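This report describes the fold and the charge pairing of the model shown below.

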Amino acid sequence: MEPNNHSENFAQKWVFSKDHKVIGLQYMFTSFSFLLFGFSLVLLMRWQLAYPGNPIPWIGSFLPKSIAVGGIMHPAAYNSLGAMHGTIMIFLGIVPLGVGAFGNYFLPLQIGARDMAFPTLNMFSYWVYFLGGLLMFFSFFLPGGAAQSGWTSYVPLSIISPGQTVWLIAMTFLITSSLLGSINFIVTTVNLRAPGLTWSRLPLFVWAQFITALLLLFAFPVLQAGAVLQLLDRIAGTSFYIPTGLIVGGAPLDRSGGGSALLWQHLFWFLAHPEVYVLLLPAMGIVSEILANGTRKPIFGYKEIAGSFCFIGILSFMVWAHHMFVSGMKTSLSYLFMTTTMIISVPSVAILTCFLLSLKGASIRFTLPMLFALTFLPMFGIGGLTGLPLGFTPTDVYLHDTYYVIGHFHYVVVTGSMIALMGGIYYWFPKMFGRKMNEFWGKVHFWGTILTMNGIFFPMFIQGLSGVQRRLYDPTVQSHNLAVQPTNVFMSYCALGLLIFQIPFIVNFFRSIFKGEKTEENPWHATTLEWACPSPPLPHKNFESAPTVYRGPYEYSVPGHSTDYIPQNVP
Amino acid sequence: MNPSGHYGWGLPAAASSYAHRIDGSLNLLHGVMLLIFFLWGIYLVWCLIRYRRKEGVAAVYSHDTPFSSYIPDVVMLLFEVWLIFMIGIPIWAHIREDLPKPGKSIQVRLVAEQFSWLFHYPGPDGKFGKANSALMHSNNPLGLDENDPDSKDDILSVNELYLPLGQPVLLEMSSKDVVHSFFVPEFRTKQDIVPGMKIPMWFEPTATGKFEIGCAQLCGTGHYRMRGDVIVQSPQEFEEWIQKQTKKGS
């Protein structure tokens, strides 16, 4: 690529840019919007759960008739909101933020590259993602509304429900985008590392992104194929997933049949379990970076953590059917998947242990990013531990499809991944914009967020143990849900609180871009390569001169050295 | 409204032969989880206080990973292997594979549809009549073949599963339309019902009374109201119920 000396117009610079940093920011702003949108969907659901059948105050009168009539949400709309909340948060929110935004922006910087290996492909994958996102969003306004069969889209319900066609088409866009992105990440990491940056000197964030890209590359094509088959079942009259002799609503379904409903579940979870690690690994990478920086010492067990990332990556392809213990799958298969599922918890325990041991002998700075990274440890701990009774068949038979499951994965993905990603924003903000975010409002955001998040998700375990099933439009119809119904009211107010506590973050973020306190190149006194270039890094070029790497990623507090950190590029 | 007193905060009352084994596992796992969480938590808090930044004290520079740091991983692995082979597989095999013999159990066919549970009893002759999906209509939701003599005394009960105390029940489950899931919290039992498959499941109630059935798998707009009841009676009462239903049918 020749140096970019010609001047770019606005569209070339900010819209159809091939610069990985601009694309990273585009991913970041788009995923922010979707996170906020996906979260507001759940606020509507939470009103219905707290006060079933009551009109939604104020906002209810502005909702389209397809969602609520007279302010009262109807069951199909509830199912739509649930399906779209899951889809949007996972595929349009967390993954694009963790991989698309942070991966795009910081992977090339951390390996000392001038850009991704394929800048045009990079731009293309953003726009494919953007189109898929728009399609998902506008499906609410199309006839039939948005998909309403859960983010899992179990057949045959998904095949006979309205809204699913658009969901499937939008998913193929999102999958295509992820595939293109993952190839780019892999090629970039393998080929564009700075001289001296061996695999054992890679920052853990790069390791995490690299493994994540491999997961996306190997898992997504399976769902892609599965989604195309489901699309054919919907629009071309095929029966890949439709068994013989279905009677729907009293009338026989006009299909030849002969398909298998379980096949979809296998294809879906073959993607969707690795997907959990796609949500988690970038977050763990970020936590590693922040922890090493905030403790001022080399991270404990660098090789153990990197090895655990790889081990998780391989094993995550062998655990998918633990979502199907009660699906009617053969019993002997569940022995196998129970065993692999239990084993995959070992590398997670290893990573958490390394993080904890990193604190020993440290000199801990309680900076804003550090608060988030430290909170990740116990919160992800709860998420991981509550996975145990779900991976263990005798207890899963009771807890499966109850709120316990919802609590478990929200602890992993929200108080785990999302908290780490927020920490990443505070940590890398000075690099992206050359300014710092306000510390006081950051702390307000931090405390408000973790308290309200726990207020929403912890009661889910209580509900699950009481046997409250997930995806119920009105839980009070069933008497076993009544005793714990007050928790729903509490959770809903916590959810509203969580929204309110994002306001300081949003204001702080945008205000700081323009008015934040200006910072130097390396305000955290960090060691990795992204801090060796100007803030923000030079367009299309990043570094003033190509860096060379002389040491490992976390050389903090080396005895006998004048500063307590030695950047990787210092000879 | 909680007449049975089975439900409250925490696990509902246990009312099947294997419910206490599942509760045992739940208690064991949650005990272990709490223990690990508090050990981690105490260590974390101690580190945060002990190793907070102090003027003039530098962090310890070290790349060592002493062998002892692998102890938590190894302990976890050993515990899980023990858990799977000593507890998990035996209980799961009992729940899934120890299906009761036809002579010593009540046999009921469950046909799930949007949004109700159809329980099909063989009646006094002990034989299920032939059913054919082509014959299904609103007056004959099971599609029973009326020309089959075995079908004459068959009983259909909608959303109410009547069972006698003291016998295991073998449910043969199928679905007309989409995936449903049969869930009775007090029995600690749950099984998806997948269209195109005939899935057996068994349990043995250990108390008389009324137990709620919920659908645990999203099955459409009426998913939330797809409920039913298991009514467990003494063997005499159950026999009377069978007689009454048979008369009503003929």
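## Fold of chain A

Of the contacts in chain A (heavy atoms within 4.5 Å) between residues at least 6 apart in sequence, 78% join residues at least 24 apart. The chain holds 17 helices and 6 strands, taken as DSSP runs numbered from the N terminus (helices: H or I, at least four residues; strands: E, at least two). Buried residues, meaning those under 20% relative accessible area with a 1.4 Å probe and protein chains only, make up 68% of the 571 residues of chain A.

## Basis of the model

This is a predicted model, in which local features need pLDDT of at least 70 and side-chain atom pairs count only at pLDDT 80 or more, while totals for chains, interfaces and linings use all residues. Residues are numbered from 1 along each chain as its sequence is written, chains are lettered from A and ligands numbered from 1 in the order in which they are written, and side-chain values use heavy atoms, with hydrogens and water left out.

## Salt bridges

Across all chains, the structure has 10 salt bridges, each a side-chain nitrogen of Lys or Arg within 4 Å of a carboxyl oxygen of Asp or Glu. One of them joins Arg296(A) to Asp564(A) at 2.9 Å, N to O; these residues are 268 apart in the chain. Arg296(A) is buried at 3% relative accessible area, whereas Asp564(A), at 25%, is partly exposed (between 20% and 50%).

Asp564(A) also meets Arg365(A) in a salt bridge of 3.8 Å, N to O.
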